[in-house]
Amino acid sequence: MSTERTAFARIVDPLPYEDRLEARTLDQIDLVVIHCTELPDLATAREYGERILHASGTGNCGHYYVDRDGSVHVYVRPERVAHHVRGYNPRSVGIELVNTGRYPHWLSTGSQRMEEPYTDAQIASLGALLADLQRELPSLRFIAGHEDLDTACEPASDDADVLVHRKMDPGPLFPWDVVLRTTPLQRLLP
């Protein structure tokens with residue numbers, strides 16, 4: 001694994017299939033989508049991101065991953081369309097915050113609470129990353145949570161008669177008020 005550091009201490013470590021993701025120009029990007037990994041740590045998030053799930057030889061992943069210590073890892077550069085949110089990928093960049101979320105029983109009826117708070121270091125790094133992205137992406141105007149854009153429900157994994165939200169991230173403990181005070185991006189709530 002080779003890494004290179006860029007301004008704002010981003011650790012650039014592209015996923016092996018990054019060059020197979022669809023290319024785009026930066027002026028197509030007007031939206032940032034905030035996610036949480038819903039996994040125990042960055043290493044597991046990397047493992048999940050490397051899984052090939054699509055005929056194109058690519059998988060599901062965000063562009064940026066912010067670990068609990070505030071470090072920022074670039075798995076897909078914004079010039080490529082990552083698979084991170086249904087219906088919005090071509091126009092967005094995905095930022096994943098490492099957080100257990102509902103792991104490991106994401107869709108179980110008893111796992112529908114997200115109890116891990118985000119760290120101060122994560123939120124500070126997120127604010128700095130958002131500021132950098134506004135300078136780098138000329139059309140960037142909006143911000144949303146994954147749960148804002150993917151509101152689908154599915155049968156619970158342990159009770160098919162109960163519907164649960166497919167996506168709940170970044171979840172109820174994400175400090176939207178703090179983040180929105182640090183950025184002029186407008187919250188997109190379709």
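**Strand β3 and its surroundings in a predicted model**

Modeller: In this predicted model, strands β3 and β6 pair in the parallel sense, with six bridges between them.

Biologist: Which residue in β6 does leucine 31 stand opposite?

Modeller: Leucine 31 is one of the residues on a face of β3 that is covered, together with Val33 and His35. In the pairing of β3 with β6, which is parallel, the residue opposite leucine 31 is serine 92.

Biologist: How many bridges join β3 to strand β7?

Modeller: β7 covers residues 142-145 and runs parallel to β3. Within this pairing, isoleucine 34 has glycine 145 as its bridge partner. The number of bridges joining β3 to β7 is four.

Biologist: Which element gives the largest share of the largest nonpolar core?

Modeller: The largest nonpolar core has 27 residues, and Val32, Ile34, Ile95, Leu133 and Phe174 have the most contacts inside it. The elements that give two or more residues to this core include β3, β6 and α2 (120-136). The largest share, five residues, comes from α2.

Biologist: Which residues does valine 32 touch, beyond those up to four places away in sequence?

Modeller: Valine 32 is among the residues with the most contacts inside the largest nonpolar core. In soluble globular proteins, nonpolar side chains tend to be buried together. Setting aside residues up to four places away in sequence, valine 32 touches Val93, Ile95, Leu130, Leu133, Leu140, Phe142, Ile143, Ala144 and Leu185.

Biologist: How many residues are in the second, separate core?

Modeller: This second core is separate, and Leu21, Leu39, Ala45 and Tyr75 are included in it. Its residue count is 12.

Biologist: Why is histidine 35 classed as buried, and what is its relative accessible area?

Modeller: Histidine 35 is found in strand β3. A residue is called buried when its relative accessible area is under 20%. Histidine 35 is therefore classed as buried, because its relative accessible area is 1%.

Biologist: With which side chain does the side chain of histidine 35 make a polar contact of 2.9 Å?

Modeller: Beyond its neighbours within four places in sequence, histidine 35 is in contact with residues including His84, Glu96, His146 and Asp169. A polar contact of 3.4 Å joins its side chain to that of aspartate 169. The polar contact of 2.9 Å is with the side chain of histidine 146.

Note on methods: Residues are numbered from 1 along each chain as its sequence is written. This is a predicted model: local features need pLDDT of at least 70, side-chain atom pairs count only at pLDDT 80 or more; totals for chains, interfaces and linings use all residues. Side-chain values use heavy atoms; hydrogens and water are left out. A nonpolar core is a set of buried Ala, Val, Leu, Ile, Met, Phe, Trp, Tyr and Cys residues joined through side-chain atoms within 4.5 Å. Buried means under 20% relative accessible area, exposed over 50%, partly exposed in between (1.4 Å probe, protein chains only). Contact means heavy atoms within 4.5 Å. Two strands pair if DSSP finds at least two bridges between them. A polar contact is a pair of N or O atoms within 3.5 Å; within protein, one must be able to donate a hydrogen and the other to accept it, and residues adjacent in sequence count only if both atoms are side-chain atoms.
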